[in-house]
Amino acid sequence: VQLQASGGGLVQAGGSLRLSCAASGRTFSTYAMGWFRQAPGKEREFVVAISRSGGSTYYADSVKGRFTISRDNAKNTVYLQMNSPKPEDTAVYYCAGDASLSARQIYEGYFYGMDYWGKGTQVTVSS
């Protein structure tokens with residue numbers, strides 16, 4: 001499985017941006033998916049995770065109420081809708097998938113060894 005994140009760019013604080021992560025292969029629906037981010041000089045951090053069916057989602061407190069994750073298994077794509085972004089959301093955003101972990105386990109921190117990681121997409125939020 002290969003993951004390709006896209007949709008990053010420059011956005012003003014309070015605006016909106018939607019990231020996409022397209023997966024190759026036929027097994028996308030068997031992967032719990034997550035979005036992560038890494039700002040300069042900081043460790044990669046969890047943003048949000050979604051279960052295989054899309055029925056369960058888990059958010060970091062810092063983005064809860066502003067970001068929304070969704071997935072379309074027919075299109076092999078997971079999305080991250082970023083509303084009201086803040087300058088502190090500036091980071092490289094990565095998507096990742098795992099066949100064994102649950103979305104809750106990803107939320108609980110078991111994400112460093114996830115099966116597949118996409119290349120990141122830069123999001124810059126201007127004030």
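Trainee: Is Asn76 buried or exposed in this structure?

Mentor: Good place to begin, and keep in mind that this is a predicted model. The general idea is that a residue counts as buried when its relative accessible area is under 20%. Asn76 has a relative accessible area of 17%, so it is buried.

Trainee: Where does Asn76 lie?

Mentor: Look at the loop between strand E7 (67-72) and strand E8 (77-83); Asn76 is found there.

Trainee: What is the phi of Ser84, and where is its place?

Mentor: Ser84 is also a residue other than glycine, and its phi is positive, near 50 degrees. You will find Ser84 in the loop between E8 and E9. As for accessibility, Ser84 has a relative value of 37%, which lies between 20% and 50%, so Ser84 counts as partly exposed.

Trainee: Now for a strand. Which strand holds Cys95, and is Cys95 buried or exposed?

Mentor: Cys95 belongs to strand E9, which covers residues 91-98. Its relative accessible area is 0%, so Cys95 is buried.

Trainee: Which residues is Cys95 in contact with, leaving aside neighbours within four places in sequence?

Mentor: For contact, look for heavy atoms within 4.5 Å. With those neighbours set aside, Cys95 touches Leu3, Ala5, Cys21, Gly34, Trp35, Tyr116, Trp117 and Gly118.

Trainee: What separates Cys95 from Ser127?

Mentor: Along the chain they are 32 residues apart, and their C-alpha atoms are separated by 25 Å.

Definitions and conventions. Residues are numbered from 1 along each chain as its sequence is written. This is a predicted model: local features need pLDDT of at least 70, side-chain atom pairs count only at pLDDT 80 or more; totals for chains, interfaces and linings use all residues. Side-chain values use heavy atoms; hydrogens and water are left out. Helices (H or I, at least four residues) and strands (E, at least two) are DSSP runs, numbered from the N terminus. Buried means under 20% relative accessible area, exposed over 50%, partly exposed in between (1.4 Å probe, protein chains only).
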